[in-house]
Amino acid sequence: MAISHATLAFTFGMLGNVISFLVFLAPISTFYRIYKKKSTEGFQSLPYLVALFSSMLWLYYALVKKDAMLLITINSFGCVIETIYIILYIIYAPTDARLFSAMNVGSFALILLVTHFAVHGPLRVQVLGWICVSISVSVFAAPLSIVAQVVRTKSVEFMPFNLSFTLTLSATMWFGYGLFLKDICIALPNVLGFGLGLVQMLLYAIYRKRGEKGKKAPPDEPLKSVVVEINPLEVEKNKNDNEEPNTCAV
């Protein structure tokens, strides 16, 4: 018995929800480190800002499309968790991160107003869909700034492997969901996401090995020379004291 496209779409969508849930939770260790050190160190806010923007747009798209409940569930969670991440980042980040956050909210508000009042009917779904495609490409391209940092510093400290791995799996599941749902706007960006995820994992494997080889054992502690200053007069005195007196028997 052949499995219907609807069943396959639901299966891939459920798997996509589970894996995307893990993707959204993957940066917890990063933000726990930021919280403990009270500093954002070398971590970038751009991937999380773009991810929040993407989640808001996909949620809006799913609500307008009306037959994509699995998109609504995961992107609702994404909006909540990404907002928490960004709030934590802003607390310990410099001023420019706050400016990016304001631009993020402003851009979403502009798209919402334009598509609601200027575009109507089925065209609204198409316009929103292609806007979501462009933003999703940005989501997958956002970690390229971190990739460039990895290549420049030859260190994978600020590119967590678990995030790259789960993003690759998520892209695979959502590609299948879009393919069987016959929604090119969902399937298309995940092809790029899969490719970029593989690149990140490859770089992690390369520079992690180099980092391990580059670790050298600490040098042996140099021998310490102890200098004792001897007073010649004291030596002569001690010599005279140690000499036994010559006794002449008469």
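Residues 24 or more positions apart supply 77% of the chain's contacts with a separation of 6 or more; a contact means heavy atoms within 4.5 Å. The chain holds 10 helices and zero strands. This is a predicted model: local features need pLDDT of at least 70, side-chain atom pairs count only at pLDDT 80 or more, and totals for chains, interfaces and linings use all residues. Residues are numbered from 1 along each chain as its sequence is written, and side-chain values use heavy atoms, with hydrogens and water left out.

**Fold and surface**

- From the N terminus on, the elements run α-α-α-α-α-α-α-α-α-α. Helices (H or I, at least four residues) and strands (E, at least two) are DSSP runs, numbered from the N terminus.
- Of the 250 residues, 39% count as buried. Buried means under 20% relative accessible area, exposed over 50%, and partly exposed in between (1.4 Å probe, protein chains only).
- The accessible surface of the chain is about 15600 Å². Carbon and sulfur atoms own 68% of that surface. Areas come from the Shrake-Rupley method with a 1.4 Å probe; for residues, only the protein chains shown count as cover.
- Val18, Phe21 and Leu22 make a nonpolar surface patch of about 260 Å². Val18 lies in helix α1 (residues 5-25). Patch residues have over 30% relative accessible area and no salt bridge; like charges are joined within 9 Å, nonpolar side chains (Val, Leu, Ile, Met, Phe, Trp, Tyr) within 5 Å. A salt bridge is a side-chain nitrogen of Lys or Arg within 4 Å of a carboxyl oxygen of Asp or Glu.

**Aromatic rings**

- The whole structure contains eight aromatic pairs. Among them, Phe31 and Tyr48 pair edge-to-face, at 5.0 Å centre to centre and 75° between the planes. Rings of Phe, Tyr and Trp (its six-membered ring) pair if their centres lie within 6.5 Å; planes under 30 degrees apart are stacked, over 60 edge-to-face, the rest tilted.
- Phe31 is in helix α2 (residues 28-37) and Tyr48 in helix α3 (residues 46-65), 17 residues apart.
- Phe31 is buried at 4% relative accessibility. Tyr48 is also buried, at 11%.
- Phe21, Phe24 and Phe77 form one aromatic cluster.
- The charged end of Lys38 sits over the ring of Tyr35, 4.1 Å from its centre. The criterion is NZ of Lys or CZ of Arg within 6 Å of the ring centre and within 35 degrees of the ring normal.

**A loop glycine**

- Gly121 is in the loop between α5 (95-117) and α6 (122-141). Gly121 is partly exposed, with a relative accessible area of 45%.
- The C-alpha atoms of Gly121 and Val64 are separated by 9.7 Å. Along the chain, Gly121 and Val64 are 57 residues apart.
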